[in-house]
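Hi,

Here is the structure I said I would pass on. Have a look at it first, then read my notes below.

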Amino acid sequence: MDDKTQMLRSLAIERRQHAGPSSRRRRRLLPVLGIAALLILVGSAAALWLMIPNSPATVPGGEILQTAQAEPAPAQTLATEPRRAGSLTASGYVVARRKATVAAEVTGKVVDLLVEEGMVVEAGQVLARLDNVLADKDFALAQSRVEASDAAVAAIAADLRDAERILNRTQTLSQKNFATEADLTKAEARTAVLRAQLRQAQAQLATARLDAQRSGAVLDKHQIRAPFPGVVVERSAQPGEMISPMSAGGFTRTGICTLVDMDSIEIEVDVNEAFIGRLHAGTGVDALLDAYPDWIIPGAVIAIVPTANREKATVKVRIGLKLKDPRILPDMAVKVTFQEHGAPAAARSDTPSGG
């Protein structure tokens, strides 16, 4: 046991002996490392000082030597120039102010479809026809009622004229005491009845005529016409399909085609509300379609819509195009640059004129 204790103690003494020199070496290295770090910092500072461009120096001739600092002169010139119109840009889409899905006002089956995509139509042109057999029969029936009512009015009017002649003759005979009071009263009563019947027949004739006009209008609605001139951009129905002004479920459609008035094409963009004060009606615009990046289209602000989008903090701006071209299509993406410092364009109407 004594031997083991002695051995342990000897081991502890050796550990302390080895720990002492290493600690002293570390303490000696710390100043050296600090000096090295200081030298590195001084060297870095000197290098940065050498990289800084010197101020203009003079030569014996009195001339000033320009350093590299004078090279960015064009950039400084651009910075001092007034801000150009390109500083305010916005993105949006080409839209049509007049765009409609043409539908039937009555329920019926399509028997003839007369339009295709890309077709140019005029106002009032027939686009499609619906099955009008029943409507045609109703119109013929209404016309026959008009004729019957007209004949009834003519018959009652003839009886009334005869009754009025009898009444006049009875009154003359009564004044000469050749006709009794009863005969005069009877003639007056018959005349009054016939006059009432005539008014009733005339009212029935007017009702029959209105009903005939209504039946004729319903028959005409089986021909679907274009509400305004434009271009067909989509055909929705096919011959044989059922068309209804209201969706009735199943395979019933509500529209025949989609019609766009190309003369009402304009641009709608969202402008940040922080910059909306720099715009006004008539401000010049350069529009650039994503489909034609090398084609700049001139335009002008038509109006600033007086409402803001709370979520996006933007205000919608309507822009009219001074150039009309068939390549400009609805829903095309477009970027616009506002000419803030240019001369404002003349006041424009709601529909921009063709250029």
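The largest pocket has 14 residues in its lining, and those nearest its centre are Leu 134, Ala 135, Asp 138, Val 218 and His 222. A quick word on "pocket": on a 1 Å grid over the protein atoms alone, it is an open set of points where a 1.4 Å probe fits, with protein on both sides within 12 Å along at least five of seven lines, and a lining residue has an atom within 4 Å of a point. H3 and H4 are the elements that give two or more residues to this lining, and H3 gives the most, with six. (Helices are DSSP runs of H or I with at least four residues, strands are runs of E with at least two, and both are numbered from the N terminus.) The space inside comes to about 240 Å³, where volume is the space filled by probe spheres set on the grid points, which are joined across faces, edges and corners. By class, the lining has five nonpolar, four polar and five charged residues; Ala, Val, Leu, Ile, Met, Phe, Trp, Tyr, Cys and Pro count as nonpolar, Asp, Glu, Lys and Arg as charged, and the others, Gly among them, as polar.

Before you go further, keep in mind that this is a predicted model, where local features need pLDDT of at least 70 and side-chain atom pairs count only at pLDDT 80 or more, while totals for chains, interfaces and linings use all residues. Residues are numbered from 1 along each chain as its sequence is written, and side-chain values use heavy atoms, with hydrogens and water left out.

Arg 145 sits in H3 (residues 133–175) and Asp 211 in H4 (residues 181–220), 66 residues apart. To count, a side-chain nitrogen of Lys or Arg has to be within 4 Å of a carboxyl oxygen of Asp or Glu. The whole structure has 16 of them.

Another one joins Glu 268 to Arg 97, with the closest N and O atoms 3.8 Å apart. Glu 268 is in strand E12 and Arg 97 in the loop between E3 and E4, 171 residues apart. Both belong to a network of salt bridges that also takes in Glu 266, Lys 316 and Arg 318.

Asp 331 and Lys 99 pair up too, at 4.0 Å. Is Asp 331 buried or exposed? Asp 331 counts as exposed because its relative accessibility is 54%, whereas Lys 99, at 46%, is partly exposed. The cut-offs are under 20% relative accessible area for buried and over 50% for exposed, with partly exposed in between (1.4 Å probe, protein chains only).

Now the strands. E3-E12-E15-E14-E13-E16 is the order in which six strands close into a barrel, with antiparallel pairing. (Two strands pair if DSSP finds at least two bridges between them.) Within it, E13 and E16 share six bridges, and Leu 288 stands opposite Lys 335 in E16.

Val 110 has Leu 130 in E7 as its bridge partner, and Val 126 has Arg 225 in E8.

Cheers
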